[in-house]
Amino acid sequence: MASNKNKGAKSKNLPPKKKQRSNLFAEKNRPTKKDEVFDDASDDQSEEQLEAAEDLLDGDEEVSDFGDASDISDDDDDAPLADDFLQGGDDDEDSDSGSISGSGSDSDESDIEEKSRALDEQRAREEEDAQAEMQMNIKEESDEFRLPTKEELEEEQQRPPDLANLQMRIKDIVRVLSNFKDLRQEGATRKDYIDQIKMDLGSYYGYNEFLIGVLVDMFPVVELMELIEAFEKPRPTCIRTNTLRTRRRDLADTLSKRGVELDQLSKWSKVGLVVYNSHVPIGATPEYLAGFYYIQGASSFLPVMALAPQEKERVIDMAAAPGGKTTYVAALMKNSGLIFANEMREARLKSLTANLHRMGVTNTIVCNYDGRELPKVLGQNSVDRVLLDAPCSGTGVISKDPSVKTSKSLDDIQKCAHLQKQLILAAIDMVDANSKSGGYIVYSTCSMMVPENEAVIDYALKKRDVKVVPCGLDFGCPGYIRFREHRFHTSLENTRRFYPHVHNMDGFFVAKLKKMSNTKKNPVSSDGLETVEQKPEEIHSDEDNIKEHEQPIMKQSTKGKKKNGLPGNGKVESPPPLKNKEKSENGKVESPATSKKRKRKFPSKEEISKAREEKRKAMRDGKKQARADKKIGK
């Protein structure tokens, strides 16, 4: 019965859970439930009371660890504990609870610090492991790549090309060449890697051996990869505003209303617009047909900007079709002055004439001549400026014409270079050095080959009294003054090169020359035997080259003679054999100077041209006379 009463009293005195938790920190220093229960048992309580107390203890521990400690105490608790509970002052409880809570907070802070320190150490270990793993991977990759053997290459040639394998090998070779000292294979030279990447690039991108070899010689391997990748992508579509008919702002607003997404080309151009997207054909809008703009690559703006024609000048465009540069020149001149638009190919004259009419150009004369013959037609020293966008190999516009990858060879480059040298000399001869506002020649190509660019300008510097001046373009890469075994004039740094991977436009070369005088240079033998006595207007054959090589030898043989014909030692020498003597028609022996003049057996081109004109005139007169006689006979 007593045990039942105790159970009832204890169960009735159980407080709510929330109130039990409120005494969590205040009751922390009091005896635990197990201590109270076993103290009661030691005071001669019965086994039933002990079992009941243990059952009650188990049930209360599930609710809380400390909250029911005060409720389990019975009437038989020790007196000191009761006194403490009844008499315990607030100060003692506060001090006890404060010390307990303080120690608990200190322990919590120390635990947090230890955990954070452990996390930092773990993070540091992970970073070290990741770095070590990365270094190990790099080492493994460098060790993994080996150049293929001859047997492996022969097997690859028998099978269809594995593009994935080729691409991976190209990347590996580029990585090795970029850090050749550390990553190269033992016993392998740089030439081995270069030869292999030439072969792989030719197979993967479709270049012939000559062209890929030239590009490898011109660019570092990393830049070469950027260039080749740029050739595989089309260049942005650009249009040039025709300032003879409209303004760029008005044109942009009009095309935007038609669904054309465009923006200004760049700060260096005041008339260019780049087209990102168009819902209508950009070459069939009413504005295009009305001549408000011309579809033109950004690189084609550059030669005309370098030429900088002024109003009321006489200008020649030696290779004008289809008319993009000519119409730009006319717009800058505001339809004043005079422009000669020459095109050698008759089939292209239609497009040139059509564009001139469409763009509203009225100051241009279209002519159909070989550019090399223009000085005879228009006269020497007759114009202020000449624009020569020379025919070239087209190695800078591979993105437009991929056939260049396989169609060009060394012979093609040399033929183009020979023609370009003749054209630039003709262009220089037509410019008047005494022009008040002009006297400039702009030479440009869409080629990246050094023989077609820097070599041509260097040749012109040796043959004519001209100098290279800045192009007026504040961007672009300077031209070469040395390339492999070639050395060019230092002023060629003023020329400009433009690349697809750097400037996002077609590969282009621009040079601007200033004519200093109208006289032609007399080449000296120090420039090289092949340039001695070489006439710019003539295309020399092998026999002409042999004669040129003989002339310096004759000069050297007569070097020691005086004016009176005696040698330097004063002794009279016996004449050479008759077969080697140079005699005039009257039988007298001529000096080397007179023999040099007499050696030119053929008339000059001016004389030939004059004779042809007289012959044509005589033929025309003869035909007229024949018609007149025929009419009289009837």
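A quick word on the model first. This is a predicted model, where local features need pLDDT of at least 70, side-chain atom pairs count only at pLDDT 80 or more, and totals for chains, interfaces and linings use all residues. Residues are numbered from 1 along each chain as its sequence is written, and side-chain values use heavy atoms, with hydrogens and water left out.

Let's start with strand 15, residues 508–520. Helices (H or I, at least four residues) and strands (E, at least two) are DSSP runs, numbered from the N terminus, and two strands pair if DSSP finds at least two bridges between them. Strand 9, residues 440–445, runs antiparallel to strand 15 and is joined to it by 6 bridges; there, Y443 sits opposite A511. Strand 10, residues 464–469, is also antiparallel to strand 15, with 5 bridges, and V469 has K512 as its bridge partner.

Now the site. An unreviewed UniProt entry lists a "binding site" whose positions include G324, K325 and D389; such annotations use the numbering here, have shortened feature names, and may be inferred rather than shown by experiment.

So, are G324 and K325 buried or exposed? G324 is buried at 8% relative accessible area, and K325 is buried at 13% (buried is under 20%, exposed over 50%, partly exposed in between, with a 1.4 Å probe and protein chains only). Both G324 and K325 lie in helix 17, residues 324–332. Beyond neighbours within four places in sequence, G324 contacts R240, Y294 and Q296, contact meaning heavy atoms within 4.5 Å. With that same exclusion, the contacts of K325 include Q296, D317 and D389.
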